[in-house]
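Colleague: I'd like to learn how to read a model like this one, feature by feature. Can we start with the overall layout?

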Amino acid sequence: MTGHAGPTRPGREAGHIVRLVRNRLGDAAVVDALPHADGDRLVVVSGQLVELITFLQRDPDTDLQLLVNIAALDRGPSSDARAPRYDVVYHLRSPRLGYRAFVTVRVPAHEPSVPSITGLFAAAEHMEREVHEMVGVYPEGHPKLRPLLLYAGFTGHPLRKDYQATLQQPLVAPLDGHHAPLVFGPPPGDAAGAQGALHAPHDEKGVQS
Amino acid sequence: MRQILEVLPGAVLPDPVAESAAPGAPLAPPDDDDLLRPALEEQLFKVGERGALTGSSATALAKHLVWTFGPVHRALPFPLQLRVELDGDRLATVDPELGFMHQGLEKAAELVPWLEGFDVMARLHPLQPVAHELCWALALERLWGVDGAVPRRAQLWRVVALELARVAEHLRVLATPPLPPATTQARRALVDGSRRTRGLLDGLTAGHPFRAVGGLARPIHDDEATRIDKELPHLLRLLDDVAQAVARSPALDAHLEGLGRISAVRATGLGLSGPALRACGVGDDVRVHEPVFGYGELEVPVVLADQALLGGCARARCRVRLQESIASLVLIREALARVRTAGEADHAPPALAWERPPTGMATASLETAGGELSMLVVSDGDARPSHVRIRGPSSALVAALPAMLVGDRIDDVIPVLSSLGLVGTEADR
């Protein structure tokens with residue numbers, strides 16, 4: 001019933017994956033590579049992502065067969081549309097050898113898309129759906145792209161830096177409000193005041209007049 | 001009666017059908033059933049637009065029924081919608097729909113100071129969030145580069161808390177109605193063990209000693225170790241009895257055999273971890289690969305499913321959980337023995353030291369009861385996190401539901417969902 005793994009198996013030393021990638025795929029395979037104790041970090045351009053991840057998954061020496069997460073990070077809007085705005089971080093782990101690697105793709109604002117890796121990892125299907133809805137990075141080649149945690153009528157990408165947390169959505173009430181949103185001036189097309197109560201401005205205490 | 005008896009043998013009786021079919025006769029009024037039938041069919045097959053029959057041909061129409069299960073149903077572990085396509089009573093397709101409990105926790109964590117992130121992480125698991133708090137603490141310690149400087153006593157207490165949380169969660173899952181071995185004693189033992197472990201853990205985490213970076217928020221006295229130590233033999237005896245009963249008569253948990261089966265290759269591809277992956281025979285445990293906290297000085301056994309069981313099904317998952325609970329109790333006993341001799345210091349440096357971290361990215365992963373919990377934080381030197389990303393084991397398990405359930409029967413959905421120990425707030429964040 002119980003299989004004991006024996007003595008603890010410490011993970012490989014930092015830089016193991018970096019060395020393997022440089023030796024097997026050449027220096028041009030990655031833009032940047034940083035050995036790290038918690039998992040080597042590789043930076044790659046979008047076009048080389050699938051090749052690199054295929055190698056990391058299938059090579060018996062790297063053996064990174066478990067996709068733990070895909071995290072898309074937004075650095076915020078910048079004046080230069082061609083500057084990289086999003087970082088998509090692929091978090092891989094080897095269940096057999098017990099070490100990790102983080103592959104980062106820098107994505108420019110004017111073309112927010114990365115190649116889908118659902119062909120390599122079935123786990124990527126949900127993760128890429130989430131990346132798309134939350135940050136708006138399009139996974140190219142995803143078999144069935146639709147929202148995962150949000151719903152079809154939701155507008156915007158909540159985990160972008162320029163998305164206000166208090167923004168009201170069709171099915172989401174305002175964050176700080178148990179009252180209707182503040183509207184200045186008369187409501188449009190409502191002279192008789194049939195809906196006046198809904199649009200009435202609030203006084204200082206937030207109570208509708 | 002008298003009329004029937006008076007009919008002589010050989011007499012020709014009037015035919016009621018022939019009479020009613022006489023031309024010009026008024027039709028008999030339809031009975032109630034006939035009146036109701038179209039309405040019933042409409043209700044059955046057109047429940048909104050979700051329960052409608054689909055398919056382009058008449059055969060497909062007759063064969064597959066698309067049915068929506070949830071999001072609110074007493075058999076579901078949390079608000080979750082399963083759109084299933086039924087072939088008879090077999091599941092032909094399963095499509096889980098998530099997000100009914102989405103709280104925007106990742107966005108929320110980016111809006112508050114670093115130490116207040118503990119309060120956000122606590123919302124990932126409303127019952128017992130100690131593992132999520134410790135994962136956040138580990139991520140922040142790595143960001144500041146102090147993960148090697150945490151006092152040994154605090155690290156051992158963290159192991160005790162994590163393992164108690166594992167036992168409490170495993171027993172909670174095992175005690176849910178469809179799962180326990182089919183004896184009253186076993187069911188009572190699991191419920192009793194679950195309650196006792198929960199009590200121990202609640203006592204240990206009272207006052208939130210684990211919500212701190214670099215140590216404990218408040219010291220934990222040796223009396224706490226004595227209190228837990230005193231309960232351990234009873235808990236071990238309870239669980240040993242259950243394990244032996246199951247080993248003696250395997251029929252006790254045969255009702256779970258083959259339910260929600262998944263192969264090791266598919267489970268790995270879908271990113272499963274924890275007991276769900278170990279039930280497939282993959283010896284993967286983050287505690288062994290990355291011995292954080294006090295795990296480095298303890299021997300962590302990896303519990304695998306019995307090969308004879310083929311593995312990967314609800315039965316194997318439940319057995320792994322049971323054996324892991326016993327192994328964790330032994331681990332707690334070892335850790336408690338070391339706590340007493342680990343010196344006095346377990347305090348965290350004051351909270352003022354953790355206002356602005358250096359710039360950079362840090363990741364932390366912990367083996368929780370359900371599997372690997374992973375956090376990624378990015379700092380740009382500000383008083384608030386720049387980015388927080390969380391991936392709990394429940395997310396991967398929900399993504400794997402189609403692979404587990406297709407081919408099973410519709411009534412197997414409940415034990416399979418129960419055996420996975422899903423946490424809704426963690427999957428939906």
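Modeller: Read along the sequence, chain A goes α-β-β-α-β-β-β-β-α-β-α, which comes to four helices and seven strands. Helices (H or I, at least four residues) and strands (E, at least two) are DSSP runs, numbered from the N terminus. Bear in mind that this is a predicted model, where local features need pLDDT of at least 70 and side-chain atom pairs count only at pLDDT 80 or more, while totals for chains, interfaces and linings use all residues. As for bookkeeping, residues are numbered from 1 along each chain as its sequence is written, chains are lettered from A and ligands numbered from 1 in the order in which they are written, and side-chain values use heavy atoms, with hydrogens and water left out.

Colleague: How many helices and strands does chain B have?

Modeller: Chain B has 18 helices and six strands.

Colleague: On to sheets. Which strands form the open sheets of chain B?

Modeller: Two strands pair if DSSP finds at least two bridges between them. One open sheet has three strands in the order 1-2-3, paired antiparallel. Strand 1 (64-69) and strand 3 (90-97) of chain B are its edge strands, each pairing on one side only. Its twist averages 20 degrees from one strand to the next. Axes here are lines fitted to C-alpha atoms, for helices over the stretch in contact, and angles run from 0 to 180 degrees between N-to-C directions. Strand 1 and strand 2 (residues 81-87) of chain B run antiparallel and are joined by six bridges; B:Trp67 has B:Val84 as its bridge partner in strand 2.

Colleague: And the other one?

Modeller: That open sheet has the order 4-5-6 in chain B, again three strands with antiparallel pairing. Strand 4 (360-367) and strand 6 (387-391) of chain B each have a single partner strand, so one side of each lacks a neighbour in the sheet. Direction ignored, neighbouring strands here are turned by 10 degrees against each other on average. Eight bridges link strand 4 to strand 5 (residues 372-379) of chain B in the antiparallel sense, and B:Ser365 stands opposite B:Ser374.

Colleague: Which helix lies across strand 4, strand 5 and strand 6 of chain B?

Modeller: Helix 7 (residues 130-144) of chain B, which runs at about 145 degrees to strand 4.

Colleague: How should I read aromatic pairs?

Modeller: A pair of rings is described by the distance of the centres and the angle of the planes. Rings of Phe, Tyr and Trp (its six-membered ring) pair if their centres lie within 6.5 Å; planes under 30 degrees apart count as stacked, over 60 as edge-to-face and the rest as tilted. The structure holds five such pairs over all chains. With centres 6.3 Å apart and planes at 20 degrees, A:Phe154 and A:Tyr163 are stacked.

Colleague: Which charged end sits over the ring of A:Phe102?

Modeller: The rule is NZ of Lys or CZ of Arg within 6 Å of the ring centre and within 35 degrees of the ring normal. Here A:Arg41 sits over that ring, 6.0 Å from its centre.

Technical notes: Contact means heavy atoms within 4.5 Å.
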